[in-house]
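Subject: Handing over the model

Hi,

Here is the structure I promised to pass on to you. Have a look at it first, and then read on for my notes.

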Amino acid sequence: MHNHDEEKIFLDKITEEIKIEPKDWMPEQYRKTLIRQISQHAHSEIVGMLPEANWITRAPSLKRKATLIAKVQDEAGHGLYLYAAAETLNISRDEMIGQLHAGKAKYSSIFNYPTLSWADMGAIGWLVDGAAIMNQVPLCRCSYGPYARAMIRICKEESFHQRQGFEILLTLSKGTIAQRKMAQDSINRWWWPSIMMFGPNDDASPHTKQSMDWKIKRFSNDELRQKFIDVCAEQVKILGLTLPDEKLKWNDERSHYDFGEINWEEFWNVVNGNGPCNKERLAARVKAHEDGAWVREAASAYAEKRKARSEKAVA
C-alpha cells in the first residue's frame, strides 16, 4: 500500500471518530506529537507527587493523612498508565525517564511551586487538579486509543481529588480566623499558576492547531482556560473567599468572566527551569530513580530466573 493510501485511511479514521491503534499506520509527526504530550503528562503525574508528599507526615489528622497517601498513590498509578500508553508508540520507558532527568522533557510548570501550608493541599486539589480535569476530560475522546482509554480512569480519580481539595478548603473557610486566612493565602498563591497550566495563549502555542486537526486535543488552551475561570469564579463564592484578580468580572455580552493579564514572563521563566523548585524537583526524581536501581535489577534477575525455569520445564 502506498503512503498516500495509508494517509487517506488515517485521515478518514480521524474524520469518522475511529480510534487510531498502535499497529495502525500513522504520520511520523502524529507519533512524535503524542510521545511529547503523553510523556510530559506522565512526568507531570510523577513529579506532581512531590509537593503533596511533603505534607503526608504533617497532615492534621489520621483521616487527612490516609486520604493524602491514597491521592499520592493514585498519581503514581496515573504516571504508570501514561508511560505504558506512550510505550505503544515505540519509545521505551527508560528513554522517556532519561529525557526527563536530562532536562530535555518538560512536565507541568505548576509543580515547581512550594507547598507552604496544609491549606495548599486544598488549593492543589481544587485548583490544580481542577485545571487538570478541565484539560483531561476531553482527552477521553482523543483520537489515539491507548491514551483515550487511560484517561477515562485517570479522570475518575482526579475528579475525586478535586472534591477532596475543595472539602479541605471548605473546612478551613468555616474554621478560625487563622484557618480562613491560611486558606485565602493559599488560593492567592496558587490561582495564577493554576490558570497558567493551560499553556500559552493560542496565538503563542505552536502545537495547538495541528493537535486539534488530528483530534488529539478537542479545545484550545484559551477555551479551556476560560471554562476553568468561569467555574472557579462561582465555586469560590461557596467558600466565602476570593480569587486574587481585581479585574475578574462577569461580562454579559460574552457570557463569560473577564480576567486580568497573566504574567507570561513568570510562566516562561518556570517552564525554562528557573522556578522556585525546578532544581529541587528534578534532583528528587533523579535520586529516587538511582536509589531504586537495585529494585529494578532484582526484578529483572527474578524474571530471567523464572523464564529459565519455564524453558527448562518445557524442554
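How far apart do the axes of α2 and helix α7 come, and at what angle do they cross? I ask with a predicted model in hand, so please read everything below as computed from that prediction.

**Helix packing around α2**

The axes of α2 and α7, the latter spanning residues 145-173, come within 13 Å and cross at roughly 25°. Since angles under 35 degrees count as roughly parallel, α2 is roughly parallel to α7. The crossing of α2 past α7 is left-handed. On the α2 side, the contact is made by Leu34, Gln37, Ile38, His41 and Glu45, and on the α7 side by Tyr147, Met151, Ile154 and Glu158.

α2 also packs with helix α5, which covers residues 93-101: their axes come within 11 Å and cross at roughly 65°. With 65 to 115 degrees counted as roughly perpendicular, α2 and α5 are therefore roughly perpendicular to each other. Here α2 passes α5 in a right-handed crossing. The residues that meet are Ser39, His43 and Val47 from α2 and Met96, Ile97 and Leu100 from α5.

**Salt bridges**

Side chains of opposite charge can pair when their charged atoms come close. Searching the whole structure gives 19 salt bridges, and I picked out a few of them.

Lys215 pairs with Glu17 in a salt bridge, with 3.0 Å between the closest N and O atoms. Lys215 sits in the loop between α9 and α10, while Glu17 sits in the loop between α1 (3-15) and α2 (28-47), so this pair ties together parts that are 198 residues apart in sequence. Arg218 joins in as well: Glu17, Lys215 and Arg218 are linked in a network of salt bridges. Glu17 is partly exposed, at 42% relative accessible area.

Two other bridges lie within helices. Glu28 and Arg31 form one through their side chains, at 2.7 Å from N to O. Both residues belong to α2 and are three residues apart, about one turn of the helix. Glu28 is partly exposed, with a relative accessibility of 42%. Asp185 and Arg189 form the other, at 3.1 Å from N to O. These two are four residues apart in helix α8 (residues 177-196), so about one helical turn separates Asp185 from Arg189. Asp185 is partly exposed at 38%, and Arg189 is partly exposed at 23%.

Is Ser186 buried or exposed? Ser186 is found in helix α8, and its relative accessibility is 0%, which means that Ser186 counts as buried. Leaving aside residues up to four places away in sequence, Ser186 touches Ala119, Asp120 and Ala123.

**Cysteines**

How many disulfides does the structure hold? The count is zero. Cys140 is in no disulfide, and the nearest cysteine sulfur, that of Cys155, is 3.9 Å away. As for accessibility, Cys140 is partly exposed at 23% relative accessible area, whereas Cys277 counts as buried at 5%.

Ser255 lies in the loop between β1 (249-251) and β2 (256-258), and Ser255 is partly exposed, with a relative accessible area of 44%.

That is what I have for now.

Best wishes

Conventions
Residues are numbered from 1 along each chain as its sequence is written. This is a predicted model: local features need pLDDT of at least 70, side-chain atom pairs count only at pLDDT 80 or more; totals for chains, interfaces and linings use all residues. Side-chain values use heavy atoms; hydrogens and water are left out. A disulfide is a pair of cysteine sulfur atoms within 2.5 Å. Buried means under 20% relative accessible area, exposed over 50%, partly exposed in between (1.4 Å probe, protein chains only). A salt bridge is a side-chain nitrogen of Lys or Arg within 4 Å of a carboxyl oxygen of Asp or Glu. Axes are lines fitted to C-alpha atoms, for helices over the stretch in contact, and angles run from 0 to 180 degrees between N-to-C directions. Angles under 35 degrees count as roughly parallel, over 145 as roughly antiparallel, 65 to 115 as roughly perpendicular and the rest as oblique. A crossing is left-handed if the near helix is turned anticlockwise from the far one by less than a right angle, and right-handed if clockwise. Contact means heavy atoms within 4.5 Å.
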